[in-house]
Amino acid sequence: MKKLMHLFVLIFLVACQSNGIVLKTRNVKTLDTDFSKGRLGLEHSITLEDLEKFHGHMCDGLVVGYQALSEVFKLLYPNEPVDRTNTRIVSKSSPCLTDAAIYLTGGRYQFNTFYVFEGIQGLFVVQRIDTEKTVMVTMNQGVKPKEIDRLGSLAVKGELNSCQLDELKSMEDDFSEFLLKTNPAENFKVSELSDFQWKPVLKNDFIKTDILNKYSPLCDH
Ligand SMILES: [Zn+2]
């Protein structure tokens with residue numbers, strides 16, 4: 001009986017995977033140097049939860065950033081770890097996307113490997129420095145419920161009450177869950193750019209939208 005159960009579980013898992021359903025997001029494998037003056041070769045395996053600790057909370061934007069970049073890495077580093085000494089990135093300004101960008105690629109503004117530019121198409125433009133291969137990643141139309149963006153912009157203007165904020169959170173959580181259950185290849189498109197110009201800009205007046213409602217009282221019903 002036990003063996004039969006195991007067989008059913010196995011068949012279920014194989015069926016899920018062939019349907020493109022991923023039960024768990026794949027970790028991002030990275031490559032770094034091994035000390036302050038060290039050689040390349042140290043590997044890490046970075047989970048979505050690791051990124052959450054760096055960012056401060058779990059949110060749909062973090063899942064979007066993590067999965068979009070996972071798709072990018074398949075093209076820039078096929079079957080090899082992401083070399084965080086060899087990657088540079090341009091990100092949209094969202095607090096979640098920028099954190100995903102610098103944590104997963106190792107890009108930093110002060111070393112000319114990261115900047116924020118709202119004018120890019122899509123979410124990120126990522127470049128492998130040794131080959132100069134450059135890709136852009138976008139989220140497919142219709143993947144993200146429009147209601148989340150509509151309520152999100154009201155929240156940024158301080159126009160949602162406490163209970164509406166909770167509703168928005170639950171919509172975002174549902175969207176995250178949907179993303180985590182779906183094969184990212186179905187939701188994100190990665191395309192190669194042949195004429196991309198790396199033009200770093202320094203700008204420090206973006207609004208950190210995820211702290212604007214930090215003193216909103218709790219919803220009492
Ligand atoms: Zn966030």
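Glu132 sits in the loop between strand E6 (124-128) and strand E7 (134-139), where helices (H or I, at least four residues) and strands (E, at least two) are DSSP runs numbered from the N terminus. This is a predicted model, so local features need pLDDT of at least 70 and side-chain atom pairs count only at pLDDT 80 or more, while totals for chains, interfaces and linings use all residues. Residues are numbered from 1 along each chain as its sequence is written.

Glu132 has a positive phi of about 65 degrees, although it is not a glycine. With 9 C-beta neighbours inside 10 Å, Glu132 counts as exposed. The cut-offs work like this: a residue is buried if 20 or more other C-beta atoms lie within 10 Å of its own, exposed if 12 or fewer, and partly exposed in between, with C-beta atoms placed from the backbone.

Asn79 also has a positive phi, near 55 degrees, and is a residue other than glycine. Look for Asn79 in the loop between H3 and strand E3 (82-83). Asn79 is exposed, with 6 other C-beta atoms within 10 Å.

Now step back to the whole chain. The protein chain has six helices and eight strands. Reading from the N terminus, the elements go α-β-β-α-α-β-β-α-β-β-β-α-α-β. Of its 221 residues, 27% count as buried. Take the contacts between residues at least 6 apart in sequence: 67% of them join residues at least 24 apart. Here two residues are in contact if their C-beta atoms, placed from the backbone, lie within 7 Å.

H3 covers residues 60-76, which makes 17 residues, and reaches 24 Å from its first C-alpha to its last, close to the 24 Å expected at 1.5 Å a residue. The expected span is 1.5 Å times one less than the number of residues in the helix. Of the 17 residues of H3, 14 are buried, so the helix is largely enclosed by the rest of the structure.

One partner of H3 is helix H6 (residues 162-181): their axes come within 8 Å and cross at roughly 20 degrees. Axes are lines fitted to C-alpha atoms, for helices over the stretch in contact, and angles run from 0 to 180 degrees between N-to-C directions. H3 and H6 are therefore roughly parallel to each other; angles under 35 degrees count as roughly parallel, over 145 as roughly antiparallel, 65 to 115 as roughly perpendicular and the rest as oblique. On the H3 side, Asp60, Val63, Val64 and Gln67 meet Glu172, Phe175, Ser176, Leu179 and Leu180 of H6. By class, the residues of this contact are five nonpolar, two polar and two charged. Ala, Val, Leu, Ile, Met, Phe, Trp, Tyr, Cys and Pro count as nonpolar, Asp, Glu, Lys and Arg as charged, and the others, Gly among them, as polar.

H6 also meets helix H5 (residues 146-156), with axes that come within 10 Å and cross at roughly 140 degrees. The crossing of H5 and H6 is left-handed. Glu147, Ile148, Leu151, Gly152 and Ala155 of H5 meet Leu165, Leu168, Met171, Glu172 and Phe175 of H6. That contact divides into seven nonpolar, one polar and two charged residues.

Elsewhere, the axes of helix H2 (residues 48-55) and H4 come within 10 Å and cross at roughly 115 degrees. This crossing of H2 and H4 is right-handed. Leu51, Phe54 and His55 of H2 make the contact with Cys96, Asp99, Ala100 and Tyr103 of H4. Five nonpolar, one polar and one charged residues take part.

Follow the chain on from H4. Asn112 lies in the loop between helix H4 (95-105) and strand E5 (114-116). Asn112 counts as exposed, with 12 C-beta neighbours inside 10 Å. Its C-alpha is 9.6 Å from that of Lys199, 87 residues apart along the chain.

Last stop: Val201, in the segment after strand E8 (188-193). Val201 counts as exposed, having 11 C-beta neighbours inside 10 Å. Leaving out residues up to four places away in sequence, Val201 touches Tyr115 and Phe117.

Notes
A crossing is left-handed if the near helix is turned anticlockwise from the far one by less than a right angle, and right-handed if clockwise.
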